Amino acid sequence: MAEAFIVAALRTAGGRRGGRLAGWHPADLAAQVLDALVAKLAIDPSLIDDVILGCVGQAGEQSNNVARNAVLASKLPESVPGVSVDRQCGSSQQALHFAAQAVISGAQDIVFAGGVESMSRVPMGLPATLPYKNGLGSYMSPAMRARYPGVQFSQFAGAEQLAVKYGLSKEVLDEYALTSHRRAAEATRAGRFADEILPIAVRDAEGNDNGEVHVADEGIRFDATREGIAAVKLLAEGGRITAATASQICDGAAMLLVANERGLKALGSKARPLAVIRQMTVIGHDPVIMLEGPVPATPVALRKAGLTLDDIDLFEVNEAFASVPMAWLKATGADPAKLNVQGGAIALGHPLGASGAKLMTTLVHALRSRGARYGLQTMCEGGGLANVTIVERA
């Protein structure tokens, strides 16, 4: 059977809401990463079979197929197609799965998979809230309401339920958040993100470059303290989650080049794979607790890959909330020293539809720099979904 290789992986550094990337139109932001990878590998644009981008907020500046718009905003010819994917927070991880499936099947040979999200310019939830406020209805159909009477699907409620179910105290969650910031700060100071981050001009709200270059994730609190995190107000009275133990709203884009052996030959000598995709899993789970999906999805993926938890050298479990990786650790018994070793979304930001590609970019570079073999990435997703991807360093 043909294999799917990750040939290159690049991302922007995360930008805070209203921060250093807020002046970029999301299509232009994604185009910058696309152009950079094409230039880096000196790719003949006629070889590109598709561009698949994840994006959750597909409204306003991210509407009308943002993947195609990114191609049209790039230096690529009009002949390169593009398609947008919404699997909620796993959108760009699913984009990677679709790209891998395409090249393994032989239907395509060279595909870009990635994601983009400007949470500054398209606020979270806008595709649902804007139509509802204007009398155009809700995504909750009568049949859904009948099946889940009285339920208001909420990731925040799910995060709290997860903390309660797995016995995770506020103090434990606070400590995890502190670790995320400290690991991200250490990795940044040591230059461990340098190979995966595309330096990009800082733009003001009007889209004008201000002469600065954005090269470091903006959300990292280099001076984070246990006391400071503990003092942050609870999101719900009597709850355990605070803004400090939740992922940061973030702007960003990430891109992966995926190819099969035929594609590698066509790309030429500059195309040296970073990793091989060994397993791709997606499951549906309880949509009310919503964020627990990575727990049952992980053993499914490992079994299909013929691997055990101990075979995996590095884990990336998206830090949508601290309760997600903490519950995953408790359920799986994985080594916490292998989990999110360079910090996660609590420190680095969670640009929704770009996060899957962002995490994979970090994972494949970390495997390479550490000389490690296997990496596993998983995301919790709205609707009670979860993706798992297992890769092997090439």
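In which loop is Asp109 found? Asp109 sits in the loop between helix H3 (91–105) and strand E5 (110–118), where helices (H or I, at least four residues) and strands (E, at least two) are DSSP runs numbered from the N terminus.

The views below show a predicted model, in which local features need pLDDT of at least 70 and side-chain atom pairs count only at pLDDT 80 or more, while totals for chains, interfaces and linings use all residues. Residues are numbered from 1 along each chain as its sequence is written, and side-chain values use heavy atoms, with hydrogens and water left out.

View A. The side chain of Asp109 makes polar contacts with the side chain of Asn260, at 2.9 Å, and with the side chain of Arg262, at 2.8 Å. A polar contact is a pair of N or O atoms within 3.5 Å; within protein, one must be able to donate a hydrogen and the other to accept it, and residues adjacent in sequence count only if both atoms are side-chain atoms. Leaving aside neighbours within four places in sequence, Asp109 is in contact (heavy atoms within 4.5 Å) with Asp49, Val103, Val258, Ala259, Asn260, Arg262 and Gly263.

**View B. Crossing of helices H1 and H2.** The axes of H1 (residues 26–41) and H2 (residues 66–73) come within 8 Å and cross at roughly 65°; these axes are lines fitted to C-alpha atoms, for helices over the stretch in contact, and angles run from 0 to 180 degrees between N-to-C directions. The crossing of H1 with H2 is right-handed, the near helix being turned clockwise from the far one by less than a right angle. On the H1 side the contact is made by Ala27, Asp28, Ala30, Ala31 and Leu34, and on the H2 side by Val66, Asn69, Ala70, Val71 and Ala73.

**View C. Salt bridge between Arg226 and Glu175.** The side chains of Arg226 and Glu175 meet at 2.7 Å, N to O, in a salt bridge, defined as a side-chain nitrogen of Lys or Arg within 4 Å of a carboxyl oxygen of Asp or Glu. Arg226 lies in helix H8 (residues 226–230) and Glu175 in helix H7 (residues 170–189), so the pair ties together parts that are 51 residues apart in sequence. Arg226 is partly exposed at 41% relative accessible area, and Glu175 is partly exposed at 32% (buried means under 20%, exposed over 50%, partly exposed in between, with a 1.4 Å probe and protein chains only). By the salt-bridge rule the count comes to 13.

**View D. Salt bridge between Arg278 and Glu392.** The closest N and O atoms of Arg278 and Glu392 are 2.7 Å apart. Because Arg278 lies in strand E9 (residues 275–284) and Glu392 in strand E12 (residues 385–393), the pair ties together parts that are 114 residues apart in sequence. Arg278 is partly exposed at 37% relative accessibility, whereas Glu392 is buried at 12%. Salt bridges that share partners join Glu3, Arg278, Arg373 and Glu392 into one network.

View E. Leaving aside neighbours within four places in sequence, Glu381 is in contact with Arg87, Gln88, Cys89, Gly90, Met290, Ala386 and Asn387. Between Glu381 and Asn318 there are 63 residues of sequence separation and 9.8 Å in space, C-alpha to C-alpha.
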